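Thanks for making the time this morning.

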Amino acid sequence: MDFPLHGRSFLRELDFTNEEWAYFLDLALDLKNAKHAGTEVQYLRGLNIALIFEKMSTRTRCAFEVAAADQGAHTTYLDPSGSHLGYKESVADTARVLGRMFDGIEYRGDDQCVVEDLAHLSGVPVFNGLTDLWHPTQMLADALTMKEHSAKPLSETAFAYLGDARFNMGRSLVISGAMLGMKVVIAAPPQYQPPADVVDEARVRAEQSGAEIIITDDVEAIAGVDFVHTDMWVSMGEDEAVWDERVSSLLPYRVTEEVMNLAGPDAKFMHCLPSVHDNMTTVGEQVLAKYGLMGAEVQNAVFEGPRSVVFDQAENRLHTIKAVMVATLGR
């Protein structure tokens, strides 16, 4: 197999052309079909990949580890207690050490500059598992899920995102949707909308792809979309003190059955997970006790309902992350 993106890092969506972004999706679907058919070819046999996690993860870690194992590669997991990164050893020094031992490096943490420095100094492909600014591996999983659950091509598919769109999910969704020629509706209070420079970049890509970008505070703008996305109202590492303001500001953007009906009878619900959708977690219990809400950003009836595709979306983290590694490291 030819790998035209061999040797490239995977740091943010905007580092790729619209055509290259679509290539990742096509490769992911091929690899998924091969895994399910039992015909998967190992393109990463004997390679070693470092997984640096400064933020906790279920899907990202498991997807990288299983994808690497499926492809014959080995992984080394480094959590905050497993390395000196940022404490006794600089990012620059860590990058130059790991680059001599590993064929690729994944990083999940806060600062985009860390993953950028790792890529610049390590000399090997580096993969962004999530930063505060971008979540590109999630975007491929989301796009593959929409592709699989729509009878229309992505270029004729519309999706909406409701909630806090200032950071990685909102930013990445508007960019990825623009690159794929989709109709993108971001519905959020003005103070929670994506930064203007990100929206400007999305409109540039939309001119190339034919996408439509709508940034609004009007929930009714989601009428007619094929998919409704949301995310947790309070991100990892944020203080619990922000909950009062978030609930007050974002409650009108909560994904309820009424909101799904507004989107349309065939609209599907998506969430990158984890989700506060019931009271079966510590956060869920706190939200119910303090605000009287069973679930926060989404009603449990929607999350567990027949229109929810969140676990197909979660599985697709495996296949799309595998595609990223095969495309950039395959041989």
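Let me begin with an open sheet of four strands, which pair in parallel and follow the order β2-β1-β3-β4. Please keep in mind throughout that this is a predicted model. The edges of that sheet are taken by β2, residues 74–78, and β4, residues 126–130, and each of these has a single partner strand, so one side of each is left without a neighbour in the sheet. Going from one strand to the next, the twist averages 20°. If you look at β1, residues 48–53, you will find that five bridges join this strand to β2, with the two running parallel, and that Asn48 has His74 in β2 as its bridge partner.

There is also an open sheet of five strands, again with parallel pairing, and here the order is β7-β6-β5-β8-β9. Its edge strands are β7, residues 212–216, and β9, residues 268–271, each of which pairs on one side only. The twist in this sheet averages 20° from one strand to the next. Strand β6, residues 183–187, pairs with β7 in the parallel sense over five bridges, and within that pairing Lys183 stands opposite Glu212 of β7.

Now to the rings. A pair of aromatic rings is described by how far apart the centres are and by the angle of the planes. The count for this model comes to eleven aromatic pairs. How are the rings of Phe10 and Trp21 arranged? Their centres are 5.7 Å apart and their planes are at 5°, and because planes under 30 degrees apart count as stacked, this pair is stacked. Phe10 lies in the segment before α1 (18–37), whereas Trp21 is in helix α1, so the pair ties together parts that are eleven residues apart in sequence. Both Phe10 and Trp21 are buried.

Tyr23 and Phe24 form a tilted aromatic pair, at 6.3 Å centre to centre and with 55° between the planes. Of these two residues, Tyr23 is partly exposed, with a relative accessible area of 22%, while Phe24 is buried, with a relative accessible area of 1%. Ring pairs link these residues into a cluster made up of Phe10, Phe16, Trp21, Tyr23 and Phe24.

Finally, two arginines deserve a look. Arg61 lies over the face of Tyr77, 3.5 Å from the ring centre, and Arg171 lies over the face of Trp134, 4.5 Å from the ring centre.

Key:
Residues numbered from 1 in each chain as written. Predicted model: local features only at pLDDT ≥ 70, side-chain atom pairs only at ≥ 80, totals over all residues. Heavy atoms only, no water. Pairing = 2+ DSSP bridges. Axes fitted to C-alpha atoms, helices over the stretch in contact; angles between N-to-C directions. Phe/Tyr/Trp six-rings, centres within 6.5 Å; stacked < 30°, edge-to-face > 60°. Buried < 20%, exposed > 50% of the residue type's maximum accessible area, 1.4 Å probe, protein only. Lys NZ or Arg CZ within 6 Å of the ring centre and 35° of its normal.
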